[in-house]
Structures are given as C-alpha cells and as structure tokens.
Amino acid sequence: MPKGRNSKKQKSGSKDRKGSLPPDGPRQTGISSDSDLASEAGSVYSMQSEFPVEDGFGPPVSTETGEVDEISAQQDFENKLGECIDGLSDKSAKTRQDSLKGIRSAFSKKIINDYLIDRKLTLGDALERCVKKGKGEEQNMSAIVCCHLCLQLGIGDDIESVFAPLRTIFLTIVKDKTASPKARTGCADALGLCCFIAGEENENLFTIMEALQNVFKESYPKGDGTRPSFTPEVTALHASALSAWSLLLTISPPAWTSTVINNMLPRLQELLDSVDVELRIAAGETIALCYELARLDNEEFEGSDIDGLCSKLRQLATDSNKYRAKKDRRQQRASFRDILRAVEAAEFPSETVRFGTEALEVDSWCSKRRYDAFCQVLTTGMNLHLRENELVRDIFSLGAPLTPEAIKHSKVSKVERQMYQAAAFKNRTLVRGKARDKRMDTGN
C-alpha cells in the first residue's frame, strides 16, 4: 500500500505499524539498511502541505482581548471562498488556477456542507467550464476540486447533480490520447474516487472501469514481448488509472469480480516488470487486492500460476539492482514484502492510523486501497475529514463524529500515554531484532 518517507518530519497525525500506512498521504518508501530498520516498526509517513501558509484560509481571527472571534472568522472564510468561486469565471487562466488552489485549500481545512448546499450547482458549472476551457494543469486541478466537492456534499442527490455532467467530460478526456497526460491523470483519479463515493449503478461502474483499463493496458508488453516506452508523465497516468480501477474493484458485484480477477491476474503480473516503480507497486498492490477478494469466496484460491507469481514478488521484495535508484529500491522492497505475504499466506499487516483521540484500523487491502485514495486527494486535510466528515467516517466505519464533550472525556492521561509509548518502543525493538536475525541468516 501507500508508503511514507521516513526522512521527513510528519506534519500531522501518527501511526502505529505492524505494517505501514500514512496518516496524511499515500506513498510509502521501503527500508533496507540497518540504520533504517527502526522505521519498519513505526510510522514512516509524512505529507507536506501543498498550499501556501497565507492562502486566505488561515487560523480564526482574534479579537483585541486575544479570544477567537468564531463568527468573524467564519464570515471571513466564506467571503474568501466566495471570491475564489467567482474567480473560476475569470478570463485569465492564472486567476482560475489560483482560485482552484484556494478552493482546494478551503475544502481541506473545513467541512462546509451547509454553505455548499445552495452553491453546489454554481460551483459544479464553474468546474465544468474550467475542465472544458482549461489545459493540462487547470484540468487536473479542476478534477481534484471535484473530488473535494463530492466529499463535502456526501452521498445522495447532491453529489449526483454535480458529478453526472462532469462524469461524461472526465471519461472523454481519459479516453483522448491527444490530451495532456496530467489532465488525463486528474480525470482518472476523479472518476475513481467520485464514482466510489456516488455508488454508481453497475452500468456506469463497468463503463468507467473499462475506460481506466484501456489506459493502463498500454503498458502491457507488446505481442513480441518487448515493453513499450513512455514518458514519466504517461507512466504516472497508467499508475493512476490502475489505482482508480482497483478502488472501483472493491465495490464491484462479487459475481462479476471473480471473473475479472481470473482474467486480469496474468496481465497484472506482466506489469511487475515495468520500468516505473510506481506502476510496479500499483500492480503489486492490485494483485494483493485481487487475491484478498477472491479468497472471500474461495479460501484456497491460488490463481493460474501462484508459484511463478510468488517467485517474481520475492525477487522484487529483495531487489538490489544498482541500476535502480536507491529510493526506488527501498520503496519497492518495503511494498513487495507485504504483497508477497498477502499472496503466499493471506496476511495483511495490521495498521493503526491515529487522529486526535481516535484511531482508524486499516486491516485489509480493501481498506488500504480506500484509505490511500482519500489520502491522495485530501493530503493534509485527511485527519480533519476523519474527525468531522460524516461520509468519510461512514466509509471507514468510525460512527458519528464525536461531540466536544466526548472528545474531552476520551483524552488519555499522561500515565496512559507513557505506558503506550513504552509498549510501542518494546514492539519496535522486537521487530528490529527479528529483522537483524533474518539478515544474518541470509548472509550465512
């Protein structure tokens, strides 16, 4: 699953790992050197903010007495958001892009469903114009803002009225090979997440999944066995399309899913030889997801060539080829160790993502794929939405948002916190010891 970077300071949230998941974003890097082994037992994720500090949606305004004036702060927030929405109609592409950045920042910092109820169609129409009129970066950002808007509105007629007209445009762009790869990537991500949130009818679901499959299948080997060559932007598009496809696979009808899995596993295995590390990892995680779903119906499911697949996964989990970047090797090894265990032993490393006084248990490849998809869009706003967004909490079975009184009573004492930290330290020590023993046995 997504991976973190242990070289950066974590911005928000924390995580206990028997596996590895980011509290604020998806992208996991692996660990190979002795000095990095400790990170395998703890959080290895971070997510830097993509928004400027002074974006107009900062902390609440304070009065002269030093107290927070919530009413003025809310009014100021809504006024600036309204200006950004109006800016989407500007003739200048630069102004429209700045407005999109501002809206995305606002949606990451607050849940404002009530504010959007009367403005959803206006904003939806503006996004539609930006996608049609804009190029590359603007189309990509419009697609991301569409995801944020759907997350703010939640399930129901509100999201359908916004997403329905944009769905057709996104599909057209994804299918258009002459369009900007960045625009197609954003539209692929939006199709996956918005379709997942909207709970599309099977007809639309199959249409979208087929369109996404037609994108990433271009990375399959050619008839003579040679591998196609693409720019980094195009391979990133293929990885995004595959990730969006796998997200929708988690909500596909079981009877249809079993057939798709049997047909897709051999082709997904071919993507493990891709020159792009992100595409290799996306293919590996999709394979692990397919095995998890298939074993829900048949615990003994092995696929057509599990021995060959495990051999390939084991090779990727121990890859030390110098022609690969050191960062890529680490990221790949960390990911494929978990993927190999999923295929061989149907295991998933239990992961806990902590936000405030609560915790989210990510205990399957399905929940991991969903968590990664939300992290990719929400970035630094993931913790906020886990705490307050009813739709997100429903998807991850967290129940209704906690009241301020409940949060107050749920805070742990200093002694409890110290006991927890001591237990976590002991667990990390055990994991490091086992890892060292394994490396010594391999060396001998």
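Which residues of α11 meet which residues of α13? I kept in mind that the model is predicted, and then listed the two sides of the contact. On the α11 side I found Val 277, Glu 278, Arg 280, Ile 281, Gly 284, Glu 285, Ile 287, Ala 288, Tyr 291 and Arg 295, and these meet Asp 328, Gln 331, Gln 332, Ser 335, Phe 336, Ile 339, Ala 342 and Val 343 in α13. Sorted by class, the residues of this contact divide into nine nonpolar, four polar and five charged.

Next I looked up the geometry of the pair. Helix α11, residues 277-297, packs against helix α13, residues 326-345, at an angle of about 10°, and their axes are 9 Å apart.

A search of the whole structure gave one cavity of 30 Å³ or more, and the volume of the largest cavity came out at about 90 Å³. The elements that contribute two or more residues to its lining are α7 (181-198), α9 (232-249) and α14 (365-378). I wrote down the lining residues of the largest cavity as Asp 189, Gly 192, Leu 193, Ser 240, Ser 243, Ala 244, Leu 247, Arg 369, Ala 373, Gln 376 and Val 377. By class, I recorded five nonpolar, four polar and two charged residues in that lining.

Definitions and conventions:
Residues are numbered from 1 along each chain as its sequence is written. This is a predicted model: local features need pLDDT of at least 70, side-chain atom pairs count only at pLDDT 80 or more; totals for chains, interfaces and linings use all residues. Side-chain values use heavy atoms; hydrogens and water are left out. On a 1 Å grid over the protein atoms alone, a cavity is a set of points where a 1.4 Å probe fits but cannot get out, and a pocket is an open set with protein on both sides within 12 Å along at least five of seven lines; lining residues have an atom within 4 Å of a point. Grid points are joined across faces, edges and corners, and a volume is the space filled by probe spheres set on the points. Helices (H or I, at least four residues) and strands (E, at least two) are DSSP runs, numbered from the N terminus. Ala, Val, Leu, Ile, Met, Phe, Trp, Tyr, Cys and Pro count as nonpolar, Asp, Glu, Lys and Arg as charged, and the others, Gly among them, as polar. Axes are lines fitted to C-alpha atoms, for helices over the stretch in contact, and angles run from 0 to 180 degrees between N-to-C directions. Contact means heavy atoms within 4.5 Å.
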